[in-house]
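Here is a short report for someone meeting this structure for the first time. Keep the sequence and the 3D view open while reading.

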Amino acid sequence: MKIGIIGAGNIGGNLTRRLTALGHEVSVANSRGPQTLTALAEETGAKPVTASEAAKDAQVVVVTVPLKAVPDLPAGFLDGAAEGFAVIDTGNYYPQQRDGRIVAIEDGLPESRWTEQQIGHPVIKAFNGTYAQDILDRGRPKGAPDRQALPVAGDDPAAKQAVRDLIDELGFDTVDSGGLDESWRQQPGTPVYGSRGDVDAIVKALSEASPERTAEFRA
Ligand SMILES: NC(=O)c1ccc[n+]([C@@H]2O[C@H](COP(=O)([O-])OP(=O)(O)OC[C@H]3O[C@@H](n4cnc5c(N)ncnc54)[C@H](OP(=O)(O)O)[C@@H]3O)[C@@H](O)[C@H]2O)c1
């Protein structure tokens, strides 16, 4: 698969490592330009590109930048992606430590709905509660007793299935956590956030979530 990854930090870097190892053709971008990604490119075989080029011909585009940087992504950065492409949003709102106050989210808009509005394309919310290091270390073959599950939210069934299939390839089960209107169930501060549980544990944690943001994740 052709995959474009925008953001080459903790999550973007490790997704680049694992997805190239699985044989996918990965283009990866950061904010400073491809000349700053030569080490990651040499390590993984991924193609370092600008954020405007990352989605070209991609079947899956991963947006994995700090939430506050989403509005700075270049206009039209998704133009030229493959027909029916899926966008994965790994983002979280950390108003106190990083992102500052975003009124719409404070007023109750799910974080990924906000991101979707900023980029002008539907997103699938995945990996947002997964420790970056776990992407490298904790993938397991299908059926392994200690295989973790990840919640996946989104409105487009085909895009969601494509993302779930990719996560399965990476070595994790998935749980369909509903549409984006329900995606508050996996935001920071919820029981599922940071969970390393299996399918049953993730289903239970999602069911126990409250739509109220915790104080730690408000500004
Ligand atoms: N760390 C985790 O374990 C973890 C787990 C789950 C979810 N998340 C969420 O996933 C998102 C990414 O987290 P992270 O920890 O991977 O972040 P990070 O390590 O800080 O990396 C952010 C990356 O985004 C790039 N970037 C920033 N602004 C950009 C722009 N305008 N255009 C293109 N690239 C840009 C940065 O490039 P430069 O370095 O060139 O500025 C950097 O490569 C966040 O929303 C975070 O909350 C993180």
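A residue is called buried if 20 or more other C-beta atoms lie within 10 Å of its own. The model is predicted.

Start with helix α5, which covers residues 111-119. Its buried residues are Glu111, Ser112, Arg113, Trp114, Thr115 and Glu116. They pack against four elements: β4, β5, α4 (103-106) and β6. Glycine 120 follows α5. The phi of glycine 120 is positive, near 75°.

## The sheet

Six strands make an open sheet. Their order is β3-β2-β1-β4-β5-β6, and they pair in parallel. β3 (47-48) and β6 (124-125) are the edge strands. Each has a single partner strand, so one side of each has no neighbour in the sheet. Helix α1 packs on the sheet and touches β1, β2 and β4. The direction of α1 makes about 165° with that of β2.

Now look at β1. Four of its five residues are buried, so β1 is largely enclosed by the rest of the structure. Five bridges link β1 to β2, and four link β1 to β4. Both pairs run parallel. Lysine 2 has glutamate 25 in β2 as its bridge partner. Isoleucine 3 has valine 60 in β4.

## The nonpolar core

The largest nonpolar core holds 58 residues. Ile6, Val28, Val61 and Ile88 have the most contacts inside it. Several elements supply at least two residues each: β1 (2-6), α1, β2 (25-29), β4 (60-63), β5 (86-89), β7 (149-152), α7 (157-170) and α8 (199-207). Of these, α7 gives the most, with five residues.

What does valine 28 contact, leaving aside its neighbours within four places in sequence? The partners are Ile5, Ala8, Gly12, Thr16, Leu37, Leu40, Ala46, Pro48, Val49 and Ala54.

## Serine 27

Serine 27 sits in strand β2. Is serine 27 buried or exposed? It is buried, because 24 other C-beta atoms lie within 10 Å. Not counting residues up to four places away in sequence, serine 27 touches Gly4, Ala46, Lys47, Val49, Glu53 and Ala54.

## Two residues with positive phi

Aspartate 57 lies in the loop between β3 and β4. Its phi is positive, near 65°, although aspartate 57 is not a glycine. Aspartate 57 has 12 other C-beta atoms within 10 Å, so it is exposed.

Phenylalanine 127 also belongs to a loop, the one between β6 and α6 (132-137). Its phi is positive too, at about 70°, and phenylalanine 127 is not a glycine. Phenylalanine 127 has 26 C-beta neighbours inside 10 Å, so it counts as buried.

## Around the ligand

The shell around the ligand has 27 residues. Gly7, Gly9, Asn30, Ser31 and Ala69 come nearest. By class, 13 residues of the shell are nonpolar, 12 are polar and two are charged. Which helix gives the most to this shell? Helix α1 (residues 10-21) does, with three residues.

Conventions
Residues are numbered from 1 along each chain as its sequence is written. This is a predicted model: local features need pLDDT of at least 70, side-chain atom pairs count only at pLDDT 80 or more; totals for chains, interfaces and linings use all residues. A residue is near a molecule or strand if its C-beta atom, placed from the backbone, lies within 6 Å of it. Ala, Val, Leu, Ile, Met, Phe, Trp, Tyr, Cys and Pro count as nonpolar, Asp, Glu, Lys and Arg as charged, and the others, Gly among them, as polar. A nonpolar core is a set of buried Ala, Val, Leu, Ile, Met, Phe, Trp, Tyr and Cys residues joined through C-beta atoms within 7 Å. Two residues are in contact if their C-beta atoms, placed from the backbone, lie within 7 Å. Two strands pair if DSSP finds at least two bridges between them. Axes are lines fitted to C-alpha atoms, for helices over the stretch in contact, and angles run from 0 to 180 degrees between N-to-C directions.
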